[in-house]
Amino acid sequence: MGTKMPFFFLYLLSLYTLHCHALPTNAATAPDETAALLAIKSSLIDPLGALQNWKSNPGMPHCNWTGVQCDTKGTIIGLNLSNYNLSGTISDDILLLSNLSSLKICRNAFSDTLPAALTGLTSLKFLDVSVNNFDGRFPVGFGSFLQLTYLNASGNSFEGPLPADIGSANALEILDFRGCFFTGSIPASYRGLQKLKFLGLSGNNLTGTLPKELFELSSLEQLIIGYNEFEGPIPADIANLTKLQCLDMVVGNLNGPIPPEIGKLKMLKTIFLYKNSLGGEIPKEIGNLSSLVMLDLSKNMITGVIPPEIALLSNLQLLNLMSNRLKGTVPNGIGDLPQLEVLLLWNNSLTGPLPASLGKNSPLQWLDVSTNTLSGEIPAGLCEGGNLTKLILFSNAFTGPIPIGLTTCMPLVRIRMHNNQLNGTVPGGFGKLPRLQRLELAGNELTGEIPHDISLSTSLSFIDLSRNQLQSRLPSCILSIPSLQSFMAADNELTGGVPGELQDCPSLSTLDLSNNRLEGTIPSSLASCARLVSLSLRNNHFTGSIPPSIAMMPTLSILDLSNNFLTGSIPSNFGSSPALEMLSLAYNNLSGPVPSTALLRTINPDDLAGNPGLCGGVLPPCSSATVMLESPSGFRWADMRDVAAGWAIGFVISFVIGFFIGLFREII
C-alpha cells in the first residue's frame, strides 16, 4: 500500500483501547530514582514545560512530580509522559527504574528508532509508545516480558516484519500495531498469544494469506487487520473465535465466499469486510448473529439475493451492501428492523418496491438505494421516526408522488430523487426545512409550479428541477437564497422572465434555465451575482440586447445565450474577462462587427452562427457600410440614414415651396 494509512485507524475502536491518562502520585522514594528521573529529563526536549517541576526539592518528593506514579513504599511503578509534545531521546537511565510496570509516552514527537533500552524494563505490564514518529524496525526483546499485558505502538513509522518474538509474551491481552509500515505476513508465532483479546494490525503493508494460527486465538474479541494487502479466502476456522465481537478485514484482496461458519460467532457485534474481492452469496447463517449491530459488506463482488434472514437481526443499526452484484427484491422484514439507522444498497441490480414499513418502526437516518431498478411508490413513512437526514433514491424507476411527509421532516439535509418516474407536483414545505441543503428532483415527470416557499430557505445550496414538466414562473426571490450555489431548472415549460430581484445573490455560481419558454429581456442585475461561474439561458424567447454588464462579471467562465431572439450588437467589452472560457451566442438576431477582444479572437464560428448580421473576426469580413454602422466614433449607418432622410425631406419641402411661390407670382 506504500503510504501511511489515515490517522483515524487509531480511533476506530476507542471503546476497546486503554487511553493515556494521568495517574496518581504517592510518597518519595530512593535518591537513585530521583537521579534517574533528572537524567531522563535532561535528554528530553520539553517545549510546553510540562516537566518543570522535575527538580531537586526536599519539599516536593519526586513521587509528586508530573506523570510519576509510586507504590505505597515510594517506589516508582508508573511513568506517564503522554500528550506533552516531547522529543529528544529517552536516556538509558530509565533502566534504573527497575520496578516500572507502566510506561506511557504516547502522543508526543519522538522520532528515530525505539530505544533498545526499553527492552530491559522486564517488569513492564503496560507499554504505550503510540502516535509518535518512531521509525525503523521494532526492537526484538519484548517477547521476554512475561507480565506484559498491553503493548501499543500504533501510529508510528515502524517498518520491516512484525516482531516474531512477541508471540512469546503470552500474557498479552492488547497488541496494537495499527497505522505503521510493517510488511510481510503475520508471524505463525502469534499462536502463542492465547490470552490476546485485541489484535490491531490495520493500516500496514502486510501481505499473504490469513494464517491458520490467527484463528487459534480463541480469546480474541477484536480482530482489526484491514487496510493491508491480504489475499485468499476467509477460512472456515474463523468459527473458532467464539468470543469475537468485532471483525474488521476491510480494504484488501480477500476473495472467495463469506464462510457460513461465521454464523457461529454469536457474540459478533461488528462485521466490516468492505472493499475486497469477496464473491458468492451472503450466507443465510448471518441471521444467527443476534448481537450484530453493524454489517458492512460493500464494494465486493457478492451475488445472489439479500437473504431474508437479515430481518432477524433485531439489534442491527447499519446495513451496507452497496456496490455489489445483488439482485432480487429488498426483503420486507428489513423495514421492520427496530434499530436500523443506516441502510445503504446503492449500485446493485435490485428490483421491486422498498418495504412499505421502512422508517416507521426504526430511527432511520440515512437511506441510499440509488442506481438500482427499484420501482413502486416511495414509502410514505420514511421520516416517521423523525431522524431522517439523507434520502438518496436517484436512478431507479420509482413512480407516484413525492411523499408529503418529507416536507415536515426537519432533520433532512439531502433529498436526491433525480432520474426516476415520479409524478404529481412538487409539494410545498421544502423551503421551511431548516437544514435542507440539496434538493434534486431532475429527470422525473413532475408538473405544476415551483413552490414559492423554496425562496424562503436559508439553507439550500443546490436545487435541480431540470427535465420535468413544470409550467410556472420562477418565484421572484428564488435566486437570492443566501446559501444557494446552484440553481438548475432546464428542460421544463417555465414562462415569464428571469426575476430582476438579484441585488443579493452572494453564493450563486451556476444558473441553468435553458430549454424553457422564458421571455423578456435579460436583466442587467444578473451582473450583481459576483460569484457566477456558469450561466445558460439558451433556447428560450429572450429579446432585447445583451447587457454589457454581464461581460465584466469577474468569475463568469461559461455563458450560453444561444437560440433566443436577442438583437443589437455584441457589447464591445465582451470576451475581455479573463475568466470567460466558453461563449455561445448562436442563432439570435445579433448584428454588426464581432469585437476583437481576447476570447472572441479565437471563438468557434459555430458559436456565432445563425446571426446573419454579424461579421468580422472569425466570421467573413464586414462591408464598409457595416464598418461605418459600427464605427467607434459613434457615427453609425443608422445616423447617416437619418441625415439623408432629413436632407431629402428638406429638399422636397424647398422644391414645393419654390413651386408655389412661382405659381403665385404668375397669378399676380
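**Exercise 1.** Find which ring the charged end of Lys-104 sits over.

*Solution.* A charge sits over a ring if NZ of Lys or CZ of Arg is within 6 Å of the ring centre and within 35 degrees of the ring normal. The charged end of Lys-104 meets this rule over the ring of Phe-126, 4.8 Å from its centre. Likewise, the charged end of Arg-438 sits over the ring of Phe-462, at 4.0 Å from the ring centre.

The model is predicted, so local features need pLDDT of at least 70 and side-chain atom pairs count only at pLDDT 80 or more, while totals for chains, interfaces and linings use all residues. Residues are numbered from 1 along each chain as its sequence is written, and side-chain values use heavy atoms, with hydrogens and water left out.

**Exercise 2.** Classify the pair formed by Phe-134 and Phe-158.

*Solution.* Rings of Phe, Tyr and Trp (its six-membered ring) pair if their centres lie within 6.5 Å, and planes under 30 degrees apart count as stacked, over 60 as edge-to-face and the rest as tilted. By this rule there are eleven aromatic pairs. Phe-134 and Phe-158, with 6.4 Å from centre to centre and 10° between the planes, form a stacked pair.

**Exercise 3.** Decide whether Phe-138 is buried or exposed.

*Solution.* Buried means under 20% relative accessible area, exposed over 50%, and partly exposed in between (1.4 Å probe, protein chains only). Phe-138 has a relative accessible area of 6%, and therefore counts as buried. Phe-142, at 0%, is buried as well.
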